[in-house]
Amino acid sequence: MANLKSSKKDIRRSARRKERNGEDRSELRTYARLLLKAIKSGDKTEALTVFSKLASKLDRAAKTKIIHKKNADRKKSRMALRINAIETKAA
């Protein structure tokens, strides 16, 4: 257990950050799940609206260092490829 007042404060601060970061990560997973569901159903307009929200959340998470920037870019790229594949199947 920490003895210094500043160490105790740092532990409290870390706990708050961990909780907030966990909520943000959970939100990312939720949007990714919604997007995959829309892609699976073949609804491109729904997929695009969810994708724009997911991309925004990923960029914000990368900006605040919840996830790495290249991780966010990779996730956006792979989801975009899946969305674009919907159109080729229909044609």
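Two residues are in contact here when they have heavy atoms within 4.5 Å of each other. With that in hand, take L58: setting aside neighbours within four places in sequence, it is in contact with L28, I67, A72, K75 and K76. Keep in mind that this is a predicted model.

- As background, nonpolar side chains tend to be buried together in soluble globular proteins.

**A closer look at A47**

- You'll find A47 in helix 2.
- Is A47 buried or exposed? Its relative accessibility is 0%, so it counts as buried, given that the cut-off for buried is under 20%.
- Not counting residues up to four places away in sequence, A47 touches L35, A38, I39, I83 and I86.
- R29 is another story: A47 and R29 sit 18 residues apart in sequence and 15 Å apart in space, going from C-alpha to C-alpha.

**Salt bridges**

- How many salt bridges does a search of the whole structure find? The count is four.
- One of them pairs D59 with K76, with the closest N and O atoms 2.7 Å apart.
- D59 lies in helix 2 and K76 in helix 3, so this pair ties together parts that are 17 residues apart in sequence.
- Another salt bridge joins K69 and D73, where the closest N and O atoms are 3.3 Å apart.
- Both K69 and D73 lie in helix 3, four residues apart, which is about one turn of the helix.
- D73 also forms a salt bridge with K76, and here the closest N and O atoms are 3.7 Å apart.
- D73 and K76 are three residues apart in helix 3, again about one turn of the helix.
- Put together, D59, K69, D73 and K76 are linked in a network of salt bridges.
- In general, side chains of opposite charge can pair when their charged atoms come close.

**How open the network residues are**

- K76 counts as buried, because its relative accessibility is 18% and the cut-off is under 20%.
- D59 is partly exposed, with a relative accessible area of 37%.
- D73 is partly exposed too, with a relative accessible area of 31%.
- K69 has 53% relative accessibility, so it counts as exposed, the cut-off there being over 50%.

**The largest pocket**

- The largest pocket holds about 260 Å³ of space.
- Sorted by class, the lining has seven nonpolar, one polar and five charged residues.

Methods
Residues numbered from 1 in each chain as written. Predicted model: local features only at pLDDT ≥ 70, side-chain atom pairs only at ≥ 80, totals over all residues. Heavy atoms only, no water. Salt bridge = Lys/Arg side-chain N within 4 Å of Asp/Glu carboxyl O. Helix = DSSP H or I, 4+ residues; strand = E, 2+ residues; numbered from the N terminus. Buried < 20%, exposed > 50% of the residue type's maximum accessible area, 1.4 Å probe, protein only. 1 Å grid on protein atoms, 1.4 Å probe; cavity = no way out; pocket = protein on both sides within 12 Å on 5 of 7 lines; lining within 4 Å. Points joined across faces, edges and corners; volume = space filled by probe spheres on them. Nonpolar A, V, L, I, M, F, W, Y, C, P; charged D, E, K, R; others polar.
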